[in-house]
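Colleague: Hi! Could you walk me through this model when you have a minute?
Modeller: Happy to, here it comes.

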Amino acid sequence: MRFQATLALLASLSLSSLASTVADVEADLQNIATQTTTLDNAINAFPNTGGSLLNALAIHNDAVNLGSAIDKGTSDVNGAPKPFSEADGTTVLQAVQAIEPTILDTLTVIVQKKAAFQGLPIGGIPALVLQDLQNLNASTFKFEAALISAAPTDLIPTATTIESAINSAFATAIAAYSS
């Protein structure tokens with residue numbers, strides 16, 4: 001009997017430590033914002049001519065780091081109690097709204113830099129950029145779906161407007177690197 005009680009206590013402690021909170025999601029959004037800004041800055045700094053393989057690979061690493069941050073955010077949203085309260089939903093939505101312009105800039109500028117990546121002396125970088133875009137798009141799609149499923153009903157229209165803008169920018173960037 002004592003063993004069962006101990007096992008039940010350990011199981012409940014394990015489950016409670018696996019649950020996420022809205023505070024975790026907010027921290028994830030801050031990390032996503034930081035990683036997005038890092039990627040955006042690296043892409044904007046990449047020269048239109050004369051770029052280096054080292055800088056291109058740094059952009060790839062930044063994209064991978066952003067993808068990991070987004071995936072963690074998705075996991076935490078999925079582990080948090082839903083729906084979010086109105087106050088929490090509003091805070092999360094405002095955090096996403098704050099990131100949106102940087103995401104859109106990143107996706108716009110990466111299209112503008114395609115010729116610069118193609119001009120590198122070692123081929124394959126545009127294919128790597130395409131892979132990064134596809135991976136980030138997949139991660140972002142899951143994160144968007146998780147956030148929208150957790151949002152209070154009255155915030156969903158605003159959230160889906162942001163989702164549409166980001167998805168459209170991804171589609172444009174992926175199409176540019178697919179041709």
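Colleague: Thanks! Let's start with helix H2: what should its 24 residues span, and how far apart are its end C-alpha atoms?
Modeller: This is a predicted model, to be clear. H2 covers residues 22–45, and at 1.5 Å a residue it should span 34 Å. The end C-alpha atoms are 34 Å apart, so that agrees.

Colleague: Nice. Which residues of H2 are buried?
Modeller: Among them are Val-22, Val-25, Asp-28, Leu-29, Ile-32 and Ala-33. Further along, Leu-39, Asp-40 and Ile-43 are buried too.

Colleague: And what covers those buried residues of H2?
Modeller: The cover includes H3, helix H4 (86–112) and helix H6 (125–150).

Colleague: Speaking of H3, where does Asp-76 lie, and is Asp-76 buried or exposed?
Modeller: Asp-76 lies in helix H3, which runs over residues 53–79. Its relative accessibility is 9%, and buried means under 20%, so Asp-76 counts as buried.

Colleague: What does Asp-76 touch, leaving out residues up to four places away in sequence?
Modeller: Ser-20, Asp-24, Val-25 and Asp-28. Val-25 and Asp-28 are also on the buried list for H2.

Colleague: Switching topic: how do H4 and H7 pack?
Modeller: Their axes are 10 Å apart, at an angle of about 15 degrees. That angle makes H4 roughly parallel to H7, because angles under 35 degrees count that way. H4 passes H7 in a left-handed crossing.

Colleague: What kinds of residues make that contact?
Modeller: The contact of H4 with H7 has 16 nonpolar residues, three polar and one charged. Residues there include Leu-93, Val-96 and Glu-100 in H4, and Ile-162, Phe-170 and Tyr-177 in H7.

Note on methods
Residues numbered from 1 in each chain as written. Predicted model: local features only at pLDDT ≥ 70, side-chain atom pairs only at ≥ 80, totals over all residues. Heavy atoms only, no water. Helix = DSSP H or I, 4+ residues; strand = E, 2+ residues; numbered from the N terminus. Buried < 20%, exposed > 50% of the residue type's maximum accessible area, 1.4 Å probe, protein only. Contact = heavy atoms within 4.5 Å. Expected span 1.5 Å × (residues − 1). Axes fitted to C-alpha atoms, helices over the stretch in contact; angles between N-to-C directions. Parallel < 35°, antiparallel > 145°, perpendicular 65-115°, else oblique. Left-handed = near helix turned anticlockwise from the far one by under 90°. Nonpolar A, V, L, I, M, F, W, Y, C, P; charged D, E, K, R; others polar.
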